[in-house]
Structures are given as structure tokens and as C-alpha cells.
Amino acid sequence: MNRSKFPVGLMPSVVAPAKEPNAICPKAVELVLVKEQNGVQFTNSTLVNSPQTPVEAQERETWSKKIDFLLSVIGFAVDLANVWRFPYLCYKNGGGAFLVPYLLFMVIAGMPLFYMELALGQFNREGAAGVWKICPILKGVGFTVILISLYVGFFYNVIIAWALHYFFSSFTMELPWTHCNNTWNSPNCTDAPSGNASDGSGLNDSFRTTPAAEYFERGVLHLHESHGINDLGPPRWQLTSCLVLVIVLLYFSLWKGVKTSGKVWIDAATQICFSLGVGFGVLIAFSSYNKFTNNCYRDAIITTSVNSLTSFSSGFVVFSFLGYMAQKHNVPIGDVAKDGPGLIFIIYPEALATLPLSSAWAVVFFIMLLTLGIDSAMGGMESVITGLIDEFQLLHRHRELFTLFIVLATFLLSLFCVTNGGIYVFTLLDHFAAGTSILFGVLIEAIGVAWFYGVRQFSDDIKQMTGQRPSLYWRLCWKFVSPCFLLFVVVVSIVTFRPPHYGDYIFPEWANALGWAIAASSMSMVPIYATYKFCSLPGSLREKVAYAITPEKERELVDSGEVRQFTLRHWLMV
């Protein structure tokens, strides 16, 4: 039996061009002579890969067009947080005083981490858990971000359901939140501005409520029928129906895959993670379907720039609305500035009701909310699905069924948020599901890539994809600036913790304990998996550590005693 090797390019008639899963270096084909009969040689061929090139067990689907990926990432990054969270946080923290830490954190952490996640997913062609073959002991952080995305989906889909309810309610000659003559209105409801007592109601301004506020809390949520989080009541059929439509839309969009003070700093850091989508595993999942040679650096710059510009633009619009409503009610702007659902489901609708052709403007506004929300919800769900099916091949073979299971589980747990007291569950999840836990997950992710895997090796991976190494600025941010800043923010977020509340309602102690349990359940994946991995590895203590922190593709070097992580040069290299 004769063996010979030839470059692929020299044998077009013998071997069909191979699809390169994630490498641009040349490959060779090993030809094995099986037998010779009547002067004709019969051979078998084997594709021989470069030793430094990771190889996938099966072909991975890719985006059909580059624009599909870019729009998907922008669609996920530009979400409802740009409309409600950024403007409110900017106002609450003094406007310009908030922009300073926001822009600083964007430059030294948001953009570098966004770039890092895109490159990480694109090179390794895996979801949030699978990419941690670069440092097996930290694979738990992949499950952390998957859990966070799952938890966020429990309440994020409810926002879309609310928007869908408002969308349907807008197809009337007169918007239902314009006046106080509806069945759900209370005696405290008044159409007159807060500073005007000429309506003869005799109510103190502190007890007055607007038609828009009562429509949301009494007409949509039926909050008045609940006494607190311990008295949720049954799911409201109208909201449940809207939630069903959202879930069905998500399923058919996902089942086939991608082809189809100190407090100011905490708010700024959390807003960056929420807005850019860093730490949810979505960027890793989306970029894992890119072609290997895609320019992920350019994608990172474009997406983060578009996201920030959108936040600033929405801020101008929001403050215009708030100023108008403050003047209408003759109150300080702080009395109308609300966070979260109160801003887009009370203040905006009330302002829209005063415009000519208010129903038409309301339809357009809630279509915008639906498109913003659906894009982000799809991204979060895709992070969960891709992260798990890449990890468990059985799920990969049955993607449609697994997707159905995930969306049904999400729907069932979301039902708690569409009950009479569902807003309390919503507020609890919003406060705990992706606060400190997402900052913790991003911190471990940054440490794992920059320190254990190594900035130098990571830069070599990027050069292999794009042909150019990242500049010193990005390497310094990955290695020192971003991890240090994230560590500071995580510690301060815990020290300065304040329990959630909804209006005047204070959550009981057991509810806060439940919230911390939700946050801890995702963060605990890191130490739990690290313990499991370390105990399951063979060999001495030194060998266990070596295998735990060394990329899987370098196992042969570990067997020969060459562990770069055991050298001082590895830890100092930038």
C-alpha cells in the first residue's frame, strides 16, 4: 500500500473541494492506494487538516447573506431598552452625568466585549457553552448566560404581549385611554391636568390618576384585583391570547435555525450589557453561523455605533414627550418620568392620544415596539437553543421538537406575568434575572478568554479569520481594563443593592429571597461545573489543572508536558 500527499489545489479531478469549517489555511489530501488492476489504480482519500485548525464533526449552516447576520445582531442589540431604559436612566442620573460613565463604559468595556463575543463564536463555531472548549473548567459560564437568556425570556415576551394588546386596542375611532368613562376607571380618574382643580372632583393631586395610567393598570393588567405578589389570581385571557400569538411567532421564526454616584456607574454598566446584548450568549450564537473569514471587527464597530446612536435619538424623542406631558399636567418633569413599562405604556400612549389622527399614530408606535421586541426575543431564544443543541447532539437532531419544548416552557412560566398581580412577578424578574448575574457572567467570560485562553492566542485566532491582529488598544482592554472595571461594578452592585418595588408596593422578604435565588441559580453554574469538571478529569492534581485550563485542541501538548498556562510568559503576554 502506497501513501502520498498532495495539495488540494493540484488534484481537482480526484478530490472535490472541501468546505472549510473554520480555517483558511491550506489543506492536503492523503491518498491511500488500495489496489491496482489492469493498470488502473484505486485509491481512498482522507482530508488532512493543519494541526492548529479546529475541525467540526459536521457541517454547520451559515447565514445565507451577510446582511441577514448584521440585521439580526442590530435587531437584537437595538431593543426596548433603548426606548425605555436608557432615557430614564439618563434622566434619573442627571443627564450629562450619566453620559460620562455610559460613554466611558461603552469604549473600554462594551465595544471590546462585543467584539470579543463575535470573534469567539465565529472562530469556534459553537454556542455559548460549546465555545468553552478553549478553557473547559469555565464552561459553566456558558450555562450561566443560557439561563440568564431563558429567565429574561419569561418576562420579555410579556412586554411584547402588552404591546400586541395595545396594538389591537388602537383600531378604534377614539383610543380607550383617552377619557375616564370606561368600566375599568376608578373615581380617582380625571381627564383634567393635575395642576387644574376646576373639575370639581375635590381630589388631592396625589390621589389623581390619568386615563392612560388606569387603562394600563386596571384595564390591561387588572392590578386592582390583586393585593400583592402573594395574590396573583388567574391569567387574564386577553393577555394570554396575545402571549400565545407571540410564542407562535417566535416558534416559526426559530424552528429551522438562522436561515429562516457609584449607582450611576452600575446603571451605566448594566445598560451597556442590556443594550448591546453582551453576556446573553446571543452574539456568540449568531456569530457562530458566520463564514469563517467574516470581518467580525467591522461588524462590532457598526453594530455598537448604530446602537448608541439609536439610544441617543430615542433619548431626544423621550425627553420631548416628557417635557410636553409635564407642561400639560403643570408638574415637574420628574413626576412624569417613569422607568420600564410605565414609560411606554402610560406616558407615550397618553401623549399619542393628544395628537391628530391619534389612532393611526398609536398603531405605528406599537408596531415599532413589536418589531423591536420580537427581534430581541428571537435573539434570546436562539441563544438558549443554539447553546444547548451544540452541546447535546441528540437535541441537534431534533431541533424542531426542542424549539417547541423551549417556547412552550417559556409560555407556561410567562403565564405568571399575565395574572392580576403579574406585574409584581414581572418587576421581580426584571430586577434579579439579569442584573448582578449578567455582570458576573461577562466578568468570568472576559477572564476566561483574556487570561486563561490568552490574549495572544485569541488575537492569533482573529488574525486567522480576518488576516489582521487586533490592535494594542483592544488587547489591553481585554486583558486589563474590562476585567478590572467589571470586577469593580459587580462588587459595587452587590454592596449598593436596593430591593425592588412597584409604585408604593414593597416586596416581602420572601420575594426578595426568591429573586436572589434566581440570580444565584445562574451564577452558580460557574463553580458547580468547575467542580464537576475538575473531579471528573484523570491524573494527578497538576494534570487535572492542566487539562482543566488548556484548550481541548492542545491536549497533545499537555500529554507531552508542554502547558503554556504554566509559564509566566503566558500570563504577562498581551
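A search of the whole structure, which is a predicted model, finds one disulfide. A disulfide is a covalent bond between the sulfur atoms of two cysteines. Here the partners are Cys 180 and Cys 189, with their sulfur atoms 2.0 Å apart. The torsion about the S-S bond of Cys 180 and Cys 189 is about -70 degrees, and the disulfide is therefore left-handed.

The two partners can also be described by their accessibility. Cys 189, with a relative accessible area of 11%, is buried. Two further cysteines may be described in these terms. Cys 90 counts as buried at 6% relative accessibility, and Cys 296 is buried with a relative accessible area of 1%.

**The chain as a whole**

The chain has 574 residues, of which 56% count as buried. Its secondary structure comes to 21 helices and five strands. The accessible surface of the chain is about 24,800 Å², and 65% of this area belongs to carbon and sulfur atoms.

**Helix 5**

Helix 5, which spans residues 211-220, is mostly covered, with eight of its 10 residues buried. Among them are Pro 211, Tyr 215, Phe 216 and Val 220. Which elements do the buried residues of helix 5 pack against? They pack against helix 4 (140-169), helix 6 (237-254), helix 10 and strand 4 (501-502). After helix 5 comes His 222, whose phi is positive, near 55 degrees.

**Salt bridges**

Side chains of opposite charge can pair when their charged atoms come close.

| Nitrogen partner | Oxygen partner | N to O distance |
|---|---|---|
| Arg 60 | Asp 390 | 2.9 Å |
| Lys 139 | Glu 391 | 2.3 Å |
| Lys 553 | Asp 461 | 3.9 Å |

In the salt bridge of Asp 390 with Arg 60, both residues are buried. For the salt bridge between Lys 139 and Glu 391, the partners fall into separate classes. Lys 139 is buried, with a relative accessible area of 13%, whereas Glu 391 counts as partly exposed at 24% relative accessibility.

The side chains of Lys 553 and Asp 461 also meet in a salt bridge. This pair links distant parts of the chain, since its residues lie 92 residues apart. Lys 553 is in the loop between helix 19 (541-549) and helix 20 (555-559), while Asp 461 belongs to helix 15 (residues 436-466). Asp 461 is buried, with a relative accessible area of 2%.

**A nonpolar patch on the surface**

Four residues, Leu 355, Leu 357, Trp 361 and Val 364, form a nonpolar patch on the surface. Together they have about 430 Å² of accessible area. Where is Leu 355 found? Leu 355 is found in the loop between helix 10 (341-352) and helix 11 (358-389). At 35% relative accessibility, Leu 355 counts as partly exposed.

Conventions. Residues are numbered from 1 along each chain as its sequence is written. This is a predicted model: local features need pLDDT of at least 70, side-chain atom pairs count only at pLDDT 80 or more; totals for chains, interfaces and linings use all residues. Side-chain values use heavy atoms; hydrogens and water are left out. Patches are made of residues with over 30% relative accessible area and no salt bridge: like charges are joined within 9 Å, nonpolar side chains (Val, Leu, Ile, Met, Phe, Trp, Tyr) within 5 Å. Accessible areas come from the Shrake-Rupley method with a 1.4 Å probe; for residues, only the protein chains shown count as cover. Helices (H or I, at least four residues) and strands (E, at least two) are DSSP runs, numbered from the N terminus. Buried means under 20% relative accessible area, exposed over 50%, partly exposed in between (1.4 Å probe, protein chains only). A disulfide is a pair of cysteine sulfur atoms within 2.5 Å. Contact means heavy atoms within 4.5 Å.
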